[in-house]
Amino acid sequence: SKYVLQTAGFDARFPNTNQTRHCFQNYTDYFKCIAAKGEDYAPCKQFKRAYNSLCRNEWIPEWDEEHENGTFPASLEP
């Protein structure tokens, strides 16, 4: 199968070079989206692609663990 590598597009809410907040927002938006619409809802996948592109590799497993443990520092409810 053929893979298409693509980075997250420009988001006017995050105009600066440092994309940490953009990364975090996409991570939380993904989980809010799947909580509201379900994992099969295609538009939610854009949030996941964006945070996988923007976030540092070591952050995602750490946040996943916090999410599973109920210690994630933000609400992931829709």
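Biologist: Which cysteine does a disulfide join to Cys-33?

Modeller: In this predicted model, a search of the whole structure finds 2 disulfides. One of these has its sulfur atoms 1.9 Å apart, inside the cut-off of 2.5 Å. The partner that this disulfide joins to Cys-33 is Cys-44.

Biologist: Is the disulfide of Cys-33 and Cys-44 right-handed or left-handed?

Modeller: The handedness follows from the torsion about the S-S bond of Cys-33 and Cys-44. That torsion is about -80°, so the disulfide is left-handed.

Biologist: In which helices do Cys-33 and Cys-44 lie, and how many residues apart are they?

Modeller: The disulfide between Cys-33 and Cys-44 links distant parts of the chain. Cys-33 is in helix H1 and Cys-44 is in helix H2, and the two are apart by 11 residues.

Biologist: What is the torsion about the S-S bond of Cys-23 and Cys-55, and which hand does it give the disulfide?

Modeller: A disulfide joins Cys-23 to Cys-55, with an S to S distance of 1.9 Å. The torsion about this S-S bond is about 110°, so the disulfide is right-handed.

Biologist: Which parts of the chain does the disulfide of Cys-23 and Cys-55 tie together, and how many residues apart in sequence are they?

Modeller: The disulfide in question joins Cys-23 to Cys-55. Cys-23 lies in helix H1, residues 20-37, whereas Cys-55 lies in the loop between helix H2 (44-54) and helix H3 (59-69). The pair therefore ties together parts that are apart in sequence by 32 residues.

Biologist: What pattern do the disulfides of the chain follow?

Modeller: The bonds are Cys-23 to Cys-55 and Cys-33 to Cys-44. With bonded cysteines counted along the chain, the pattern is 1-4, 2-3.

Biologist: How do the rings of Tyr-27 and Tyr-51 pair?

Modeller: A search of the whole structure finds 10 aromatic pairs. In the pair of Tyr-27 and Tyr-51, the ring centres are 4.9 Å apart and the planes stand at 65°. An angle over 60 degrees counts as edge-to-face, so the pair of Tyr-27 and Tyr-51 is edge-to-face.

Biologist: Which helices hold Tyr-27 and Tyr-51?

Modeller: Tyr-27 is buried, as is Tyr-51. The pair ties together parts that are 24 residues apart in sequence, because Tyr-27 lies in helix H1 and Tyr-51 in helix H2.

Biologist: Which residues form one aromatic cluster?

Modeller: Tyr-27 and Tyr-51 both belong to the cluster.

Biologist: Which ring has Lys-37 lying over its face?

Modeller: A charge sits over a ring only if NZ of Lys or CZ of Arg is within 6 Å of the ring centre. Lys-37 lies at 5.5 Å from the ring centre, over the face of Tyr-41.

Biologist: Where on helix H2 do its buried residues fall?

Modeller: In H2, the buried residues are Cys-44, Ala-50 and Tyr-51. Seen down the axis of H2, they fall within an arc of 120°, so they line one face of the helix.

Biologist: Against which helices do the buried residues of H2 pack?

Modeller: The chain has 3 helices and 0 strands. The buried residues of H2 pack against H1 and H3.

Biologist: What span should the 18 residues of H1 have, and how far apart are its end C-alpha atoms?

Modeller: At 1.5 Å a residue, H1 should span 26 Å. Its end C-alpha atoms agree with this expectation, being apart by 26 Å.

Biologist: How far apart in space are Gln-6 and Arg-49?

Modeller: Gln-6 is found in the segment before H1, and at 66% relative accessibility it counts as exposed. Gln-6 and Arg-49 are 43 residues apart in sequence. In space, their C-alpha to C-alpha distance is 8.5 Å.

Definitions and conventions:
Residues are numbered from 1 along each chain as its sequence is written. This is a predicted model: local features need pLDDT of at least 70, side-chain atom pairs count only at pLDDT 80 or more; totals for chains, interfaces and linings use all residues. Side-chain values use heavy atoms; hydrogens and water are left out. Helices (H or I, at least four residues) and strands (E, at least two) are DSSP runs, numbered from the N terminus. Rings of Phe, Tyr and Trp (its six-membered ring) pair if their centres lie within 6.5 Å; planes under 30 degrees apart count as stacked, over 60 as edge-to-face and the rest as tilted. Buried means under 20% relative accessible area, exposed over 50%, partly exposed in between (1.4 Å probe, protein chains only). A charge sits over a ring if NZ of Lys or CZ of Arg is within 6 Å of the ring centre and within 35 degrees of the ring normal. The arc is that of the directions from the helix axis to the C-beta atoms. Contact means heavy atoms within 4.5 Å. The expected span of a helix is 1.5 Å times one less than its number of residues.
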